[in-house]
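Student: I would like to learn how to read a few features of a protein model. Can we take them one by one?

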Amino acid sequence: MTIRARVTVMPKPGVLDPQGKAIGHALANLGFAGVGEVRAGKVIELELAETDPAKAKAVAEEMARRLLANTVIESYRVEIG
Amino acid sequence: MTIRARVTVMPKPGVLDPQGKAIGHALANLGFAGVGEVRAGKVIELELAETDPAKAKAVAEEMARRLLANTVIESYRVEIG
Amino acid sequence: MTTAAPQPLPAGRARQLAAEFGLTPEEYDRVLAILGRAPSLTELGVFSVMWSEHCSYKSSKVWLRELPTRAPWVIQGPGENAGVIAIGDGLAAVFKMESHNHPSFIEPYQGAATGVGGILRDVFTMGARPVANLNALRFGDPKLPLTRRILDGVVRGIGGYGNCVGVPTVGGEVNFHPAYNGNPLVNAMTVGIARADRIFTARATGVGNPVVYVGSRTGRDGIHGATMASAEFSADAEEKRPTVQIGDPFTEKLLIEACLELMATDAIVAIQDMGAAGLTSSSVEMAGKGGMGIELDLDAVPQREEGMSAYEMMLSESQERMLMILKPGREAEAEAIFRKWELDFAVIGRLTDTGRIVIRHKGVVEADIPLAPLESEAPLYRRPAAETPKPPPLDPASVPDPVGVAEALRRLVGSPDLCSRRWIWDQYDSTVGGQTVRRPGAADAAIVKIEGLRRALALTTDCTPRYCAADPEEGGKQAVAEAWRNITATGATPLAITDNMNFGNPEKPEIMGQFAGCIRGMAAACRALDFPVVSGNVSLYNETVGRAILPTPAIGGVGVIEDAARAVGLALVPGCELVLVGET
Amino acid sequence: MAIALERAAGRPPAMLFHRETELPRGTDLVVLAGGFSYGDYLRCGAIAAHSPIMRAVREFAARGGHVLGVCNGFQILCEAQMLPGALLRNASLRFLSMDCHLRVERAGTPFTGRWQKGAVFRSVMAHGDGNYFADAATLDRLEGEGLVAFRYCDARGEATAEANLNGSARNIAGILSPNLRVLGLMPHPEDYVDPLMGGTDGLPLFESLVDALAAAPA
Ligand SMILES: Nc1ncnc2c1ncn2[C@@H]1O[C@H](COP(=O)(O)OP(=O)(O)O)[C@@H](O)[C@H]1O
């Protein structure tokens, strides 16, 4: 049995996000109006050999803390399912 | 009024994902057991000047098609809210 | 607009904050005497960064004066954003080295990347187009996972930034030693080329001239980075992490193009990049150097975040920003250029003749400080220096030979300090720009041609910290001599150096002794070789829990070869003869 | 790149800003040079592929104009769907800055006229995202129609796995449009056009272009 976990890693609020900025510019140049803030992050989808969602979540959170996110500049969110 | 849209862009099945593979390796090296497939993608969070969720979704989908994803190698998913 | 004096902090609170910001009690008393009252929060922030080791060189200045800085080919010695030397045909080489040690420990990729961004700005600020980057790196024990993580991040960061701005990374050096376990060194060097008669400086002149802000917006990045760079790491450094600065190399590239375009006109009076302590140091230094006063209106500063205070804006270390003084009436012309490159542009103040810096925000005067004590009269210390005892001479006969020559050679060649650096330089774009005649690994110094000419620059970075630890004076000499030899070995004529003095806590006499000894040795070698120092950087407090790094005076050398085709490489060609020169 | 073009053609190319909307009159060749457009943010070449000048470039190509995209220029051509496929992150996940060898797979095109099929030349690669990808059907079509221009190979001309440094599908380093007038490739032939800079291995590409453009008025 496996459980799928999704870890979303985003630049922390206030941390400069050059990529998001460039995407925002590009969307405006493409003619999309009314685009406010754009933030670009990463998402990592994992298959975990677990059966207990709570445990899977804890494991994915530890992975995020130790490797997937750099908590100096990034925040992360874990979803199970 | 603004609506937040989240566009998740993942490598298509069959497209090599060296980054996901490298993350899988690194997790194993850190001592995490039972990690199956790992896929790494991008997520772009946008603030849209819209009030209608359906419309916001359509706009974000157009953005994904035209710029945010390269459909030769990537698939995308739009979430609103 | 109000002219009321800034709101002083309550006396006790001010003293406590001053200590937190790194001012000594005596230094804080000096602040009180200068202002005649307690400082406001913004004023205290300005004093603490201007008087930090990083900005004021208060522990090192008296020693640095011993270095020779003059030669007929030197156009600009130390004191400006970068050094400048004449290289013939009316051209000049503009170069400097700078450290980003502490940020690179906290966040290796961004720390190293923003280090490259900062040194690039120092060079193009002077009107030069950057043509080459180099680096000097020290890491801890290569067996430690932490070392590997830092090495990987630093190399990626240097490459990521340099590759993206399109400036080739052509050389460098790397050492490993456990003394750097908790305190790696990341020293980045940029070399640019300018017309010798078109060098820009930071000297602001002209009462009423507009003060102009260009580049990226200001956020709450790295507030108090400059004071952090001047404080040794304690075990809880992980907790004290300030917001890390993030580099945006694409914006830097735009900034280079926009600045060089404006520099081709005669609209600029003075220009300075916003490095450590961004808006504070750039405005204070520009006005101070020109003997002017300056007024800033922070409401006009382009801001990335909402609700930033005057204190935060003055201390922000957001990257990719510059401050300029324009000639009167040239604002529109300048703005058009920066808008074309999609960069922020704002007039944020004027020059005055008051000799003071006055900072307004939301109609309130947040700071009003005389400039002279901030800049030229900052505290200077001649700290006690204890000579490093000379090691007794070693009798070669007393050294056993446990492994035999062949095995010793095998181990040496395979050791981290001597093995191939190819893994590193393969990640750096060393050829972008199309002028790299000798890439990393191809010669003792990198050879970068000057576009359109046959003449080329020879560039190298060198230092052997082991030698400096054993005998600082001889080590200092050796580092300079090695740079000189590496340039000479390519057939080029060595002309001048930049340096990056990386040491431990200067309040310890034995560290100050290492510093003084290295300087003495460097000065002697520079004098003997006619190889002056034209720019440099000092990084002190490189310690973790009381353990200092090895004394590391990294030297960046620049030379010129008339015909790039005659540059000698390392590769042996079939049939060549081997000749050994000098005593063994 | 400008230096290489001037060396081959005898006069300097005109430089265009991305926000321009028209090519100069009499343009006979458009070159998209390398260079981290938009910092390679999002995907390499993705944002530049939508810059205003690209509409003119696309129309120029549609009229049969010659277009050369090198490195970031190749990425832009793929993102603009002027060439099929995409360039993924190098398989090693690292930037690769080094010499490589290329084998000419299709001679007789405006870009390869001066080479024989099978010729091997040295070039420089400097990229983080040069791992060419297309689905099997597209790859088969490219091969079948002879649209693979260059393959990574070793010094002897063998297209081995070791020589395929970035992991590209079938060692593909460069591809052509069906009318053979649009070429995209990852390595930089323009870096070897001068003995002083290490060799002239890349010069034939530019000389071929001069031959082709002189023969066929735009
Ligand atoms: N961090 C680095 N970045 C780029 N090139 C490097 C780096 N470290 C070493 N190199 C290159 O590797 C080669 C060998 O370095 P090193 O052993 O320090 O040379 P030397 O002792 O001759 O000065 C040189 O060409 C040098 O420029």
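Tutor: Begin with a cut-off: a disulfide is a pair of cysteine sulfur atoms within 2.5 Å. Keep in mind that this is a predicted model.

Student: How many disulfides does the structure hold over all chains?

Tutor: In general, a disulfide is a covalent bond between the sulfur atoms of two cysteines. Over all chains, the structure holds zero of them. Take C:Cys419, which is in no disulfide: its nearest cysteine sulfur belongs to C:Cys463, 18 Å away.

Student: Are C:Cys526 and C:Cys419 buried or exposed, or something in between?

Tutor: C:Cys526 counts as buried, since its relative accessibility is 2%. C:Cys419 has 27% and counts as partly exposed.

Student: Where does C:Asp530 lie, and where is D:Asn171?

Tutor: C:Asp530 is placed in the loop between α20 (509–529) and β18 (533–539) of chain C. D:Asn171 is in the loop between β7 (148–153) and β8 (172–176) of chain D. With a relative accessible area of 9%, D:Asn171 is buried, whereas C:Asp530, at 46% relative accessibility, counts as partly exposed.

Student: How do I read a pair of helices, such as α11 and α14 of chain C?

Tutor: Look at the axes and their angle. Helix α11 (residues 249–263) and helix α14 (residues 331–340) of chain C have axes that come within 9 Å and cross at roughly 155°. Angles over 145 degrees count as roughly antiparallel, so α11(C) and α14(C) are roughly antiparallel to each other. The crossing of α11(C) past α14(C) is right-handed.

Student: Which residues meet there?

Tutor: From α11(C) come C:Leu255, C:Ala258, C:Cys259, C:Glu261 and C:Leu262; they meet C:Ala334, C:Ile337, C:Phe338 and C:Lys340 of α14(C). Sorted by class, this contact has seven nonpolar residues, two charged ones and no polar ones.

Student: Last, the chains. Which pair shares the most contacts?

Tutor: Five pairs of chains are in contact, and chains A and B share the most contacts. Chain B and chain C do not touch, with their nearest C-alpha atoms 11 Å apart.

Terms used: Residues numbered from 1 in each chain as written. Chains lettered and ligands numbered in written order. Predicted model: local features only at pLDDT ≥ 70, side-chain atom pairs only at ≥ 80, totals over all residues. Heavy atoms only, no water. Buried < 20%, exposed > 50% of the residue type's maximum accessible area, 1.4 Å probe, protein only. Axes fitted to C-alpha atoms, helices over the stretch in contact; angles between N-to-C directions. Helix = DSSP H or I, 4+ residues; strand = E, 2+ residues; numbered from the N terminus. Parallel < 35°, antiparallel > 145°, perpendicular 65-115°, else oblique. Left-handed = near helix turned anticlockwise from the far one by under 90°. Contact = heavy atoms within 4.5 Å. Nonpolar A, V, L, I, M, F, W, Y, C, P; charged D, E, K, R; others polar.
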